[in-house]
Number of protein chains: 4
Amino acid sequence: MKALSKNERGKGFSLVNQPVRSPLPDEVVLKVLVSTICGSDLHLWEWNDWADGFVGSLPLGVGHEMAGEVVDRGGHVEGLSIGAQVSVETHFWCGSCATCQRGLFHLCAAGGILGFHHDGAFAEYVTVPARNCWGAKEGENPLTTSLKEPFGNAVQTCDVQPLEGRPTLITGAGPLGLMTVMAAKARGAYPLIVSEPRSERREKASMLGADILLDPSSDSLPEAVWEATEGEGAEVLLELSGNADALRNGMAALAPGGDIALLGLPVRSVEMSLNEDVIFKGATIRGITGRLVWETWKEVDRLIHHQRVDPSILVTHQFPLEEHEEAFHLMERGVSGKIAFLPHGEIIDE
Amino acid sequence: MKALSKNERGKGFSLVNQPVRSPLPDEVVLKVLVSTICGSDLHLWEWNDWADGFVGSLPLGVGHEMAGEVVDRGGHVEGLSIGAQVSVETHFWCGSCATCQRGLFHLCAAGGILGFHHDGAFAEYVTVPARNCWGAKEGENPLTTSLKEPFGNAVQTCDVQPLEGRPTLITGAGPLGLMTVMAAKARGAYPLIVSEPRSERREKASMLGADILLDPSSDSLPEAVWEATEGEGAEVLLELSGNADALRNGMAALAPGGDIALLGLPVRSVEMSLNEDVIFKGATIRGITGRLVWETWKEVDRLIHHQRVDPSILVTHQFPLEEHEEAFHLMERGVSGKIAFLPHGEIIDE
Amino acid sequence: MKALSKNERGKGFSLVNQPVRSPLPDEVVLKVLVSTICGSDLHLWEWNDWADGFVGSLPLGVGHEMAGEVVDRGGHVEGLSIGAQVSVETHFWCGSCATCQRGLFHLCAAGGILGFHHDGAFAEYVTVPARNCWGAKEGENPLTTSLKEPFGNAVQTCDVQPLEGRPTLITGAGPLGLMTVMAAKARGAYPLIVSEPRSERREKASMLGADILLDPSSDSLPEAVWEATEGEGAEVLLELSGNADALRNGMAALAPGGDIALLGLPVRSVEMSLNEDVIFKGATIRGITGRLVWETWKEVDRLIHHQRVDPSILVTHQFPLEEHEEAFHLMERGVSGKIAFLPHGEIIDE
Amino acid sequence: MKALSKNERGKGFSLVNQPVRSPLPDEVVLKVLVSTICGSDLHLWEWNDWADGFVGSLPLGVGHEMAGEVVDRGGHVEGLSIGAQVSVETHFWCGSCATCQRGLFHLCAAGGILGFHHDGAFAEYVTVPARNCWGAKEGENPLTTSLKEPFGNAVQTCDVQPLEGRPTLITGAGPLGLMTVMAAKARGAYPLIVSEPRSERREKASMLGADILLDPSSDSLPEAVWEATEGEGAEVLLELSGNADALRNGMAALAPGGDIALLGLPVRSVEMSLNEDVIFKGATIRGITGRLVWETWKEVDRLIHHQRVDPSILVTHQFPLEEHEEAFHLMERGVSGKIAFLPHGEIIDE
C-alpha cells in the first residue's frame, strides 16, 4: 500500500510503498476513506524542536485524523463488523497504569499517539486497536467522520469551563480555532471575541458566529477586549494559536477569576507574568490534550447530529496522497482551511 | 499613635506618630492586639519590582495580618460590639463591580488591600470597614486570631483541588509553607512531600506531618518525587516558595492530569515549558490570592476549633513596634518562623 | 397607599389602605411600577396547607416579584439614587448566620421572604433593604425588570447541572415552566421534551423552542421519553409542576446517572421509589429555592440583554390592583400566562 | 464444586454441587479465597419484594464480595497471571451503551451484577470477565481483598460531596455503616454523628472515631443533631440504614444547602416532604450504587495501604459454606459484624 512516512529527522515526508500490517488479536485493519491534516502534522513536516523531542523512532507512518472502514479484524475483536465506518481515538491507552485507573485514558503516557508513535493514517490502510474505534452514524459524510477527532479537541477546550453567557476570547482562527468558534457558539459564549491576524480567517470566524473580530497586528488586544466587554474583561480565554504574544495579551485581557484553556502548541517555552496575570487575578489555566474517552466523542456526536454543528464545511481542499507536498505547502502558508487526503482517490461531494 | 510607615520608594519602614483615623459610618476602629508579618510585607520592606508596581501612593501604613479589639464604631455599624475581638479580611471589596456580582469578593480590583492600599496594621490602632471583621471565639489566643488570615491563604491553596489520598508536593516551607503542610495534612494528602532548602524548616515540616522531605539543593526534585510515588508523580503541586526553579521542577514532577496551586509570588516573570508541562500533561494551574469571603474563614475556624490545627505554634518571635528593624532582618535571613508585633507591648503566653 | 393584604387564614386577599412604611437606615422605599403574580401567590390566595405552614403572622402584605423606582432612602443607604429602576431579590438574608457565612444567602433561614414574611409588592409602595435591589438597564421594560426574579428561578433550575446537548424533560409548562423552556433552550438542552396537559401551554412551549411535546393525560410519559431519546432516557428532569405523578413519571423516564431539579412545590408529601428511581440509577435530586445572590441575577441579565431571551413575552394580562379577584381567578383556572399588576395604573406597551 | 444457590422464589439458599463454568475468551476462573456477606445478600436470602423484583431467572448462584485467585484464563485474556490474587468489581458493563459512553460503567443497565444476574461468589470457584478483576497488593490479607468492594461503596458514599470539617450524620451502623464511619473519619468529617439503635454497634462506631452517638429509639434525632451542631444542623447526611424514619429524621436535621447520600436500600417506597426538606432547604440527594470504575478502587487502595484504614477489623465470623444457615441467621438478627465464607476451609488469622 501507499503511505506517507517520516524517514529522517528533517523537513518533509516521503511517499512509500509498504505492506499492510496484519492485526494483532485486539486490532482491526481500516481502509482509510479520508485523513485530514492537523496543525501538529505540520510541526512534524517542518520538523521543529517540539517534533524532534516528541516523536519516537523513525521511519514513522504519519497522520492521525481519519475516517475508516473495517476490512479485517484480529481474532479477539467483537462488536465491530466488517464494513463499519469509524473514526479513531488517536490517543492509545494501556488501561492499567495509574493514569488509566484514574479514568484519564487520554493522558496515558504508555499508549502513544497514532501518527506520532504508531504508524499513521496518511495511508491506504492503517491497523489500530479495535477499542479505539468510534462508530459513525448511518450515512455520515466521511469528511465529518474524520473531523470528529479535532472537533473533539475543540469541544474539550470549550467544556473544561462554563461558557454560557461569558465573554470569551479565542486567539487564533486557523481550522482548529474555527472549530472552537463553532463549539463555543453552541455553548452560548457571549460576546464571542476572535483575534486573528489573517483577514480571510476573521471573515470565516464572523460567518460562524463570532461577535467581535480583532486583528492583533493592529488592535491592542487587552484594550479592545476591555472595551468590548464594558470594562469587565474576558472571563474565558481559549488559546488556539500557540503564539506566545497571543497568550500573554489574552491573559492581560482576562477578568479576575477567569479561565484559560491552552490547546495551541507553543513551539518554545513561554515567559509569563505569573504574579500579575495568574496569582493576583485568581486565574485558572488548563492544558488540553486530546478528548475524554468517550464522553467528549458523545458530545461531538450530539453537536453534529442534534445541534447541526458541521465541521466539514471547513474543508477547503481534497488531495490524493501523491500531492502531499502541495498540501503541506498550503498548510505552511496558512491560507487553507482544513485539508483532506483521499488515499483511494474518491473526491467527496459535500 | 505609633505606626510603621513606608515613606519613600526604597528599603525599610519608619516608625511614625500619627493620629488615629476616625471611622466613616461603616467603619470600626480596632486596637491592634497582634499583627504578624507576612512574606509580602518583606517584599514591601525590601521594595523590589513587584512592590514598586503593586503599591499605590506613599506614605502608607503597612501590615495586614492582625487581631484587634473594637474600640470605636461609625454611625451605621450594627452587630459588632465594643470590646469584641476580631480578625480582618484584608481584601476590601466594593460590592457592586462585575467581580463582586460574580461572588468573587476577594478578587475585587476596586477595593484595595489593607497595608498595601489602605493604612495598615503595624500600628497601635487601625480603621477598617466593619464588614471586613471576622469574630474570634471566646477566649481565643490573639496570635491565632491574627494568623487566621494567612492560614486562610494556605487552606484556600489546599481547597481548590481535592487532596485526599493524593501524592502532594509542597515547594517551600517558610511560615506560609508550613501552614500549608498543616492544612494539607488535615485534608488527607498522602504522601505529603515537602521540598525546602533550609534544614530547620524541613525539620518543622516533618514535625507537622510531612511524609517525605527533599532538599532541592542536593536532591533532583522530579526524580525524587517519581521515586517517592512509585513512578506515578505528584498529583498535586502546591507552590509556596515563589522560586521559578521550584515551580519548574515541581511541574516536571507532576503526574498527568495533575493540579498546581500557585501562592508563592515570583518577583519576576517565569519561563515555562507549556507544551510539555501543561498541555500534554492535561495539567491545571490555579492562581491563589486571598481567601473566599467567608467560606474559607469558616473552614479555618473548623480546622482550628474542631480539628485542632493550631497555626500559632509557628510563632517564634514577639516584638514591640520599636524593634521592627530586627524583625525584618530576621525575616530577610529566613531563619525565623512567624514573627508577631505587639503594638501595645503585652507579650502573649502561648 | 393601596395594598393587597392577607388578613385572615383563609381564601382570598383584601385591598386595604395603609401608610407607606418609613425606611430604616439601610432600607429604601420603592414605588411599585409592576408586580407580577407567582404560582406561590396563588397558594397564598387559596390558602392551602403549605401556605398555612409557611407564612408568619397576619395581616400580611402580599406579592414579591416587582419592578420599582427608588423614591426614598434611609440614612445609611449609598449607591442607589432616587429615581433608579430596580428589581428586588425577594429572599432577605441576615449576613451573619452559618448559612450566610457559607455564601448561601438565598437559603438564610433568618431573613424571611418578601410577601411571605415581610409586607409585599402588590401595593403602590414597598419598603425593602437597599442591598436587595438589583439595578435595571437604562430603558428596560418594567415588565422585564419584574420578571427577572422568577426568570432567575428558572435559570437557577437549569444551571445546577449541565444541560448542553443533554436530553431534558420539563414537566409543567405554566409561566415558570415556560421560562424554564426559554432558559434550557439557551443552555443547549437537546432534545427538549415538555410534558404539559393544557394544549395552549404546549403550543407556547413549542413556540419557545421545545422539540417534543407530550400530553401526560394521554401519553405514557416514561415510554414516550424513552422513545424520543432512542432508548437512552432523559438525562435531566426539570420538575416545574409540583405534581407528584409528574415527578414520579419523570423519574421513571430518567437515564442512569441523571439529574433532577425540583422547583415546583408539591402541596403534600410525595411517595417515592428511592430504590429503583434514585439509588440504583445513581440519580441526583436538587431542590431549588430562589436564586444565587448575585451570580444568577448576572446570568439573567446576560440572557436578557446579550442573548435576547425575553420573559416579558409571557405576560398576557395587566390589571390595576382593584381587579385582583379577576386576576387570581384567571390564575386559578390556569388559562393565563404571566399576570402583571400595575399599582399606579399605567398600562405598559410591550 | 460446592456453591450456594437460590433455587426457588422464597426464603433461604441451598448448598449445591455443580461444575465449574469454563471461561469465555475474555473471562477468568477464580478460586474463591474469601467471600463476604453483604446486606443485599440478606435481602436475597429473605426474598423480600425488592429481591423478587431485582433478580433475574433462577436457579442463581449467589454472593458477590470476594477475594479470588486466578486459576484459569480464556484465550483472549492478557495481563492477569495464573496465581494472581484479585478483588472483583461486581457490576459488569457492556462498554458500548450510552451509559458506558458517558463513563458511568457502574450504572450500565445491560451488564448485570455478580450474584444477582450472574452466578456468584458463595462458591468454591467463580467465572468472571477478566476486566472486572482488581489486583491485590503483594501479601494482602484476603479478607481485606474481599472487603474492598463494600468499602468502595462506603468511600463512594463519602466522596460524592465534600466532607472535610462538615458536620455529618450517618444513620445506621451495621457493617456498611461502620465502613462509612471509617471513610468519613478519614475524609475529615467533623463532628461525625452516628445514629444507630443497637448499643454494641454504637460502641464500635465510637471506637472507629464517631464523635457523637445517638440512639434513635430514645433520642429525638433532629433536636439532638441541632444541639450537637450548635444550631447549624448536619451539612451532610449519609443514609446507610434503608430505614424510612431514619431518612426522614435525618433530612429534618439537615442544614440549608446540605447534601444527602443514599446507600441503604429502603424495601418499600418512602413518603417525603419535598417542600420542606428538599426544595426550601436547597438540599441535594444523591443515590449511590456501586463504585466508580476504577477511580473509587484506587481511592480504596490509598485509604487501606497509605492511610491505614482497615475494614477487615469488622469481620466477626468466618464460616465454611456448609454453615450458611447459621451465617444468615446471625445476619438476620443484626448481631454480627461482617461475616466471611471460606469456601476452601482455611481460617484466616487476622
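This is a predicted model: local features need pLDDT of at least 70, side-chain atom pairs count only at pLDDT 80 or more; totals for chains, interfaces and linings use all residues.
1. Residues are numbered from 1 along each chain as its sequence is written, and chains are lettered from A in the order in which they are written. Local features need pLDDT of at least 70, side-chain atom pairs count only at pLDDT 80 or more, totals for chains, interfaces and linings use all residues, and side-chain values use heavy atoms, without hydrogens and water.

2. Of the area that chain C buries against chain A, Glu164(C), Tyr190(C) and Arg302(C) supply 39%, more than any other three residues.

3. The interface of chain C and chain A has 4 salt bridges (a side-chain nitrogen of Lys or Arg within 4 Å of a carboxyl oxygen of Asp or Glu). One of them joins Lys298(C) to Glu232(A), with the closest N and O atoms 3.4 Å apart.

4. Over all chains there are 60 aromatic pairs (ring centres of Phe, Tyr and Trp, the last by its six-membered ring, within 6.5 Å; planes under 30 degrees apart are stacked, over 60 edge-to-face, the rest tilted). Phe122(C) and Phe328(C) pair edge-to-face, at 6.3 Å centre to centre and 70° between the planes. Both residues, Phe122(C) and Phe328(C), are buried (under 20% relative accessible area, 1.4 Å probe, protein chains only; exposed is over 50%, partly exposed in between).

5. The planes of Trp45(D) and Phe328(D) lie at 10° with ring centres 5.7 Å apart, so this pair is stacked. Trp45(D) and Phe328(D) are both buried.

Methods
Buried area is the accessible area (1.4 Å probe) that two parts lose on being put together, summed over both.
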